[in-house]
Structure formats: C-alpha cells, structure tokens
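Me: I'd like to go through a structure with you. Could you take me through it step by step?

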Protein chains: 2
Amino acid sequence: MTTASPAGYPATDRSTPTRSKERAAYDRATVHAILDQGYVCHLGFVRDGAPVVLPTLYARSGEVLYVHGSTGSRPLRGAADGGLAVCLTVTHLDGLVLAKSAFHHSINYRSVVVHGTAYQVVDPDERAAALDAIVDQAVPGRSADARRPNAKELAQTAVIRLDLHEVSAKLRSGGPNEEPEDLALPHWSGVVPVITSYGSPEPAEIPGQDVPLPDYLPPLPR
Amino acid sequence: MTTASPAGYPATDRSTPTRSKERAAYDRATVHAILDQGYVCHLGFVRDGAPVVLPTLYARSGEVLYVHGSTGSRPLRGAADGGLAVCLTVTHLDGLVLAKSAFHHSINYRSVVVHGTAYQVVDPDERAAALDAIVDQAVPGRSADARRPNAKELAQTAVIRLDLHEVSAKLRSGGPNEEPEDLALPHWSGVVPVITSYGSPEPAEIPGQDVPLPDYLPPLPR
C-alpha cells in the first residue's frame with residue numbers, strides 16, 4: 001500500500017514505523033536536512049540469506065545517494081549484477097532522555113531510512129561527480145583542493161547509486177514523557193544533550209611541508 | 001571456514017572483511033571496549049527478502065547483547081518465532097582523514113559487527129536485568145535511580161538477546177596514507193578529530209520539583 005504524499009516521499013508499508021508513528025516524517029526538506037548533516041551511513045544488504053550492516057561514507061546529490069567502495073567489496077559486486085536490495089540508514093544522536101521511570105527513558109535523535117535497489121554507476125562523468133560529492137559531503141569544498149583520482153585509482157573504486165524513492169525520517173526531540181503518578185518521585189528527569197564537534201585539525205608530519213590550514217577546516221557545524 | 005583464534009572470536013568467512021583486512025580485530029578486549037563505549041547500534045534484519053536497518057539502543061552483558069523494543073515491533077516479533085537472523089553494528093567516528101589525493105581520503109573509526117540469531121528473552125529475571133543494563137549502558141548507575149517497570153510496562157516491552165559468537169571489530173586510526181609522488185602537492189593533509197561529548201543537563205520543567213543533579217550526570221566520557 002502506498003499513501004500519496006504530495007510534498008514528500010510516499011509512505012509505504014515498509015517505510016511506516018510500527019511504533020511511534022507520530023515521529024515519522026516524509027517531507028523532502030526534513031529528509032534532506034538529516035542526510036546533509038551526516039556523511040557516515042549504515043548500509044544493509046542480504047548475503048546468503050542473512051543481513052549484513054556496514055558503516056560507510058555516502059553523499060546526497062539531489063534525489064540520489066552515492067556510496068563508494070572497493071570494486072572487490074561484496075555489496076559493490078552485488079550492485080553490478082542487476083542491482084542490490086539495500087537499506088541505507090543515517091542517524092544523528094541529539095540527547096539522552098532521562099525520565100522518572102525506566103520505561104520512559106529514551107533518546108533524542110533524527111534518522112532517515114532509505115529502502116531500494118542500488119545500482120553500480122557506470123557513466124564515467126557521473127562516477128567522477130559522485131566521488132567528488134562523497135569527499136565534499138564530509139568536508140564541503142575539499143574535492144577542489146585534492147588531487148583527483150587517476151586511472152588506476154578509478155579502476156579500484158566502484159560507486160553505487162540509490163534513488164530516494166522509498167524514504168522516511170524519524171525524529172524525537174524534547175523532554176521526557178512522564179506518568180502523572182511519577183511526577184513527585186525524587187529522580188532527576190530531563191535531557192543530557194549529545195554534541196558532536198570537531199577538534200583542532202592535526203597536520204600530517206611531512207618533512208619540509210608548510211601548507212596553511214584551509215578556510216574550510218574544521219568543517220562548519222551544520 | 002572458521003579460523004581458530006584462542007584469545008578472541010573465531011574469524012569466519014562473513015566476519016572477515018574483503019578489504020583492509022589489516023584493520024580487523026577479533027580479540028575480546030578490543031570488541032568489548034568498542035561495544036561498551038556506545039549505546040546506539042544499527043540492527044539489520046531481513047523482511048520479505050529485503051534488508052532493514054534500524055537504529056536502536058543496546059547493552060552488553062558479558063558475552064551477550066540485549067536490544068529492547070515494543071512487543072509489536074517487527075524484529076521483536078520475528079525473534080519470538082524461532083529466532084531472527086540479525087547483524088548488529090556499532091560504529092564510533094573518530095576523525096576525518098584528509099590526504100593529498102581524493103582517493104586516500106578516509107575516516108578514523110572503530111566499529112564492531114555481530115552476526116547471529118537473536119532470540120526473545122522469556123525468563124523474567126533475565127529480562128528485568130537486561131532492561132536495567134540498557135538504561136545503564138547509556139548512563140551508568142541510572143537504573144538504580146529510576147522507577148522500575150511495572151507489570152503493564154513489562155507487558156509492552158520485549159527484549160532480544162544476541163550472543164557474541166561471530167564478531168569482528170574494524171579500526172582505523174592515524175594520519176592519511178599518501179602516494180610518494182603526492183607529498184609535495186600544496187594540499188593540506190592531516191586529521192580533523194571528531195569529538196562526541198555531553199552538554200549541560202537540562203532539567204525537565206516539573207512544577208515544585210527541585211531534584212539535584214545526580215553525580216552520574218553528565219556521564220563520564222568513556
């Protein structure tokens with residue numbers, strides 16, 4: 001079953017959570033914002049009937065996600081063979097939610113889950129653009145300030161694409177839920193924010209080198 | 001094929017990475033340390049032949065991982081029916097690695113991937129201990145300072161267990177790899193640390209309440 005959603009992605013059976021449905025979102029702005037803040041996803045696929053979940057870098061370019069890897073890696077080889085069913089998940093952790101009751105403990109987070117079939121990118125221009133996008137996803141502006149891949153490196157690198165068709169976001173924010181009868185209990189309740197930030201860039205030790213820190217480092221918090 | 005590994009988990013076909021094998025580790029101390037530093041995993045399972053990857057809380061207790069969820073949720077129902085094939089992955093991001101070449105850009109990280117079959121926990125004592133462990137995994141000491149689940153809450157909560165049998169860690173640290181011919185290029189190279197920390201705890205607004213901040217908040221960096 002697919003529910004029409006004019007402003008966003010259609011809600012399908014598998015993109016509709018079985019619990020906490022009120023936390024789900026399907027609009028493109030919400031989904032894009034969550035995807036654009038990250039650069040590491042967890043990519044799931046099926047191998048010999050069993051699930052495999054691996055962390056990997058990704059980039060969003062319009063309504064497409066790109067993931068790269070060694071041409072010898074399992075999911076990349078699978079995607080070359082007529083497509084690979086995948087689930088790509090991006091999660092940002094925002095806080096620990098401590099309630100009076102153990103039951104209402106939770107986390108504040110923003111996540112996106114993408115279901116679909118991933119295909120290997122064979123067009124050389126699209127592949128080159130995707131590789132730039134993956135570098136720029138983590139450090140915007142960096143791909144223009146690095147040596148581009150040569151033929152040997154390109155031959156070792158495969159890129160897969162996953163179109164944003166069946167996509168949902170899930171978000172929780174705010175303080176703990178409490179049962180009315182718990183409110184007077186003497187346990188602290190509230191939220192402990194979880195903050196992800198960048199430390200001071202650490203230059204590689206290369207003899208005779210004195211390259212100034214580029215303006216794009218550390219990346220701005222997004 | 002299983003390779004004997006006296007000090008750790010056996011390396012099997014699917015727990016051996018196809019690339020960067022030198023980054024893999026199977027010893028229990030390394031695996032436990034990575035698992036113990038986190039509390040959010042990405043749990044993968046297969047539904048109607050397709051992979052699903054969802055972020056969820058977990059706890060480690062000895063050689064067992066516990067995950068909880070609504071009794072109505074898909075993976076939890078699957079685990080009640082004779083076990084559910086899962087892949088549970090925990091990832092810590094430590095840094096962005098910027099090389100002279102786009103090709104050698106990378107991330108520093110520590111991850112653990114667990115393959116296996118998850119089963120629902122039916123023993124009430126094990127289930128209660130697992131729920132405490134999940135709270136304490138994120139905030140050590142918290143389960144003793146919260147109202148315990150009542151019968152109604154327990155009826156809504158399922159717990160699954162996944163034994164640590166087929167487990168591998170993968171780690172990258174240190175500076176960028178460089179091709180010798182790239183060393184003189186005028187691009188900055190090095191590492192930008194990624195730091196996860198806690199902000200000031202934000203108490204819930206509960207009229208008339210003045211519970212002091214407990215000693216275990218914010219949780220100590222581990």
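Reply: What follows is a short talk about how the chains sit together, and please keep in mind that this is a predicted model.

Me: ok, what rotation superposes chain B on chain A?
Reply: A rotation of 180° does it, with 0.0 Å of shift along its axis and an RMSD of 0.0 Å. The two copies are therefore related as by a two-fold rotation axis.

Me: and which C-alpha of chain B is nearest the axis?
Reply: In chain B that is the C-alpha of T196(B), which lies 2.2 Å from the axis.

Me: how many residues are in contact between the chains?
Reply: On the side of chain B there are 88 residues, and they are in contact with 88 residues of chain A. The same surface serves both copies, since 100% of the contact residues of chain B recur in chain A.

Me: how much area is buried there?
Reply: About 7,100 Å² is buried between chain B and chain A, and carbon and sulfur atoms give 65% of that area.

Me: what about salt bridges, how many between the two chains?
Reply: The count is 2 salt bridges between chain B and chain A. One of them joins D182(A) to R147(B), with the closest N and O atoms 2.7 Å apart. Between the chains there are also 29 residue pairs in polar contact.

Me: which strand gives the most to that side of chain B?
Reply: Strand β11 of chain B, residues 190-198, gives the most to the side touching chain A, with 9 residues.

Me: switching topic, how many aromatic pairs are there?
Reply: Over all chains the structure holds 0 aromatic pairs.

Me: then what sits over the ring of Y9(A)?
Reply: The charged end of R28(A) does, at 4.4 Å from the ring centre, and in chain B, R28(B) lies over the face of Y9(B), at 4.4 Å from the centre of that ring.

Terms used
Residues numbered from 1 in each chain as written. Chains lettered and ligands numbered in written order. Predicted model: local features only at pLDDT ≥ 70, side-chain atom pairs only at ≥ 80, totals over all residues. Heavy atoms only, no water. Least-squares fit on C-alpha atoms with pLDDT ≥ 70 in both. Contact = heavy atoms within 4.5 Å. Phe/Tyr/Trp six-rings, centres within 6.5 Å; stacked < 30°, edge-to-face > 60°. Lys NZ or Arg CZ within 6 Å of the ring centre and 35° of its normal. Buried area = accessible area lost by both parts, 1.4 Å probe. Salt bridge = Lys/Arg side-chain N within 4 Å of Asp/Glu carboxyl O. Polar contact = N/O pair within 3.5 Å; in protein donor to acceptor, adjacent residues only side chain to side chain. Helix = DSSP H or I, 4+ residues; strand = E, 2+ residues; numbered from the N terminus.
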